[in-house]
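Hi there,

Here is the structure I promised to pass on to you. Have a look at it first, and then read on for my notes.

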There are 2 protein chains.
Amino acid sequence: MIAEILSVGTELLMGQIANTDAQYLSRRLSELGIALYRHTVVGDNPARVKQALGEALSRADIVITTGGLGPTEDDLTKQTVAETFGLPLAPDAKSLAAIEALARRAGRPAAENDRQQAYFPEGALILPNACGTAPGCVVEAQGKTVAMLPGPPHELKAMFEGQLAAYLARRSGTHIESRFLRVFGIAEPDLENRLRDLFHCDNPSLALYCAPGEVQARITALAPDGAAALGMIAPIEAEIRRRLGEAVYGEGMDGSIEGTVFELLRDRGEAVSFAESCTGGLLAARLVGVPGASSVFKESHVTYADAAKARVLGVRVETLEKYTAVSSQCAREMAEGARRISGADWAVSTTGYAGPDGGADGTPVGTVFIAVAGPNGTRVEEFHFQGQREFVRTLAASWGFNLLRLALLA
Amino acid sequence: MIAEILSVGTELLMGQIANTDAQYLSRRLSELGIALYRHTVVGDNPARVKQALGEALSRADIVITTGGLGPTEDDLTKQTVAETFGLPLAPDAKSLAAIEALARRAGRPAAENDRQQAYFPEGALILPNACGTAPGCVVEAQGKTVAMLPGPPHELKAMFEGQLAAYLARRSGTHIESRFLRVFGIAEPDLENRLRDLFHCDNPSLALYCAPGEVQARITALAPDGAAALGMIAPIEAEIRRRLGEAVYGEGMDGSIEGTVFELLRDRGEAVSFAESCTGGLLAARLVGVPGASSVFKESHVTYADAAKARVLGVRVETLEKYTAVSSQCAREMAEGARRISGADWAVSTTGYAGPDGGADGTPVGTVFIAVAGPNGTRVEEFHFQGQREFVRTLAASWGFNLLRLALLA
């Protein structure tokens, strides 16, 4: 099945928003094994929508449109599809009742253009809108299919996940399941090498997505039913976990390395404190970004100047003089100082040159020392990150969480 | 002049990235007064790129392509444009020398596919790449124009701003100048109302862009030469500054409220410290994100637990018991404590409920107190932010910087 996406909306051509709808649908279609060859964006102009729709239908089996389903004069996707297929627009009783109920609750009669949202090309399959007023629909005609989704991203996403994904799977006679594994500390090319033989299979399929410091692996299976799909995923997942071991830090689309650290600490009833120099508060800010963080995090210190490292954390002046602040020794004393003054079970420190400059002593930019102090002692690691200031700081914070995670698992 | 955007990249059709290049170009074309009727995205497939390019050229005067200029086999935009116009690919000596110099610095000879980046359709105007290896180019042939830009957004942006915008203005016989004013603390609808009469003009034109907590106003003028364009911008800029006063915190596309605070502190030779609860390190992390931050920032404390507020910052236990930690009184003592222990000239504190829950005493989620302590005393403000946890924390940090900025200006 070959698909195209046709997005209708002058706001896209004016650059007021990015076409995240097309990105979302593209990902999901790829996972469903549906070939997607083109995105097109046109404005709210009847002639240009009609032309683009006709062209897309000449190339693809299914065209998914986004936008143009609302109550204003600019909303003309359904009319254009109806005209293209020579179908009349007909009211859907359920949709009409829902729109009238909504208007009654707002204490006014439903306006004619509100009611317009309940008219669909005759014979369409209606897709109710769980998050907004304009329903979507699917029209099958002349051997082609047009699925119409609303433009607001949260409405589109809910309608796709709740209704259109299943429709598409039914159409291809399959059920789809996916599993996301989150991998930290292995670069993408290295990961590709380690999993190379697993990429040769189309179903279940394996895809990698990069993020700073981590890679996400998605395993997707298509099968006649959900249990069969999950059964196809399980051995691949087990094999990936066997090969990557502790580098797999979590699961799911919404995980994060700090979220995993939070869960490990919470489950043990332990707390962490940070002593940050080059990350400048990022470790604390990211952990506090996890709802419920207060159960594992009480306080943290950003000691950017040498004097603050000494006064706040108790780093020895001799250490700073002999080794400088960007040293394994300083990182160790920072972490141990933070653990001591906070009374936390664990402490993580960072000290390094994030850029634009390296050290006056020739230490290159990107050099970062990270220490983890815990009940069984302190461990320090030295990193040489490549990239701009923000990237080095982000990676240093992520590695701080990862080293703590590994210490918690040890 | 009618334009279309043609984006080439399988990563767009796979949904790995959103088409932010198209959004950026759309905005800028709209500001340049160039009509844009369509975006098209195709994958790295020669036949489909060629078909889409031919269609776009049949409708538009100028097609701007993004992507497909790099060194890999998949990069085929220039080849496709050359074929379409029946032009040979010819090497550009300067680009070739730059690519060979880069390879020498990396200690290897330039590979054949690196050199490919220095070949362009014969007669093309070369657009050097300030941020990457692959230059862009502009081809004028058969009464049409194709401008080819690289896919990576920062490369595309720099090439458009530094070179293509001026080319497009020249083509339309005009010179373009823009000025960005950064506005903090006025919501977009309110700002629209205050500037309503200034939107009625097409040249110079005024456009607003929203970001969390701030709005950016861009004034754009088209004129026969730069001086005339700047002369048209000046009175509008003066009028906006007159109406908005200190709400205009900066200028330029790359400014930030923390960048402005950094400059104010640096120019005065003063330093700031933070005492963060709900922002959890964001204030420190954002200030440290500004290169050179060490001259104005020495240390900072994240006191998430009540006990840490008392022990680290000296907040009185009676204050915490009587008013709770989310109170004007606590914010004041946090800021004054941070100023005292750090010895900094200024201190900013935050304490509030970022969500998902509000206070056990019924204080609603989104309530945040921010205090600024300085040489002339302490000022506290209460906020009620609407939104998710991350958004509330981001806004609280931004307002922390803004209150400090206003105190520095007072």
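Please keep in mind that this is a predicted model.

Strand β14 of chain A, β14(A), pairs with β14(B), residues 299–303 of chain B, in the antiparallel sense, and five bridges join the two strands. To find the pairing on screen, look for Glu299(A), which stands opposite Thr303(B) in β14(B).

The contact between the chains takes in 47 residues from chain A and 48 residues from chain B. On the side of chain A that touches chain B, the elements giving two or more residues include β14 (299–303), along with the strand β2 (35–42). Among the helices of chain A in that list are α2 (20–31), α11 (282–288), α12 (306–313) and α15 (389–409). By class, this side of chain A has 24 nonpolar, 16 polar and seven charged residues.

I also looked at a pair of helices within chain B. Helix α3(B), residues 46–59, packs against helix α4(B), residues 77–85, at an angle of about 55°, and their axes are 10 Å apart. That angle is why α3(B) counts as oblique to α4(B). The crossing of α3(B) past α4(B) is right-handed.

Which residues in α3(B) and α4(B) meet? From α3(B) come Pro46(B), Val49(B), Lys50(B), Leu53(B) and Gly54(B), and they meet Thr77(B), Thr80(B), Val81(B), Glu83(B) and Thr84(B) of α4(B). Sorted by class, this contact of α3(B) with α4(B) has four nonpolar, four polar and two charged residues.

Enjoy exploring!

Best wishes

Methods
Residues numbered from 1 in each chain as written. Chains lettered and ligands numbered in written order. Predicted model: local features only at pLDDT ≥ 70, side-chain atom pairs only at ≥ 80, totals over all residues. Axes fitted to C-alpha atoms, helices over the stretch in contact; angles between N-to-C directions. Helix = DSSP H or I, 4+ residues; strand = E, 2+ residues; numbered from the N terminus. Parallel < 35°, antiparallel > 145°, perpendicular 65-115°, else oblique. Left-handed = near helix turned anticlockwise from the far one by under 90°. Contact = placed C-beta atoms within 7 Å. Nonpolar A, V, L, I, M, F, W, Y, C, P; charged D, E, K, R; others polar. Pairing = 2+ DSSP bridges.
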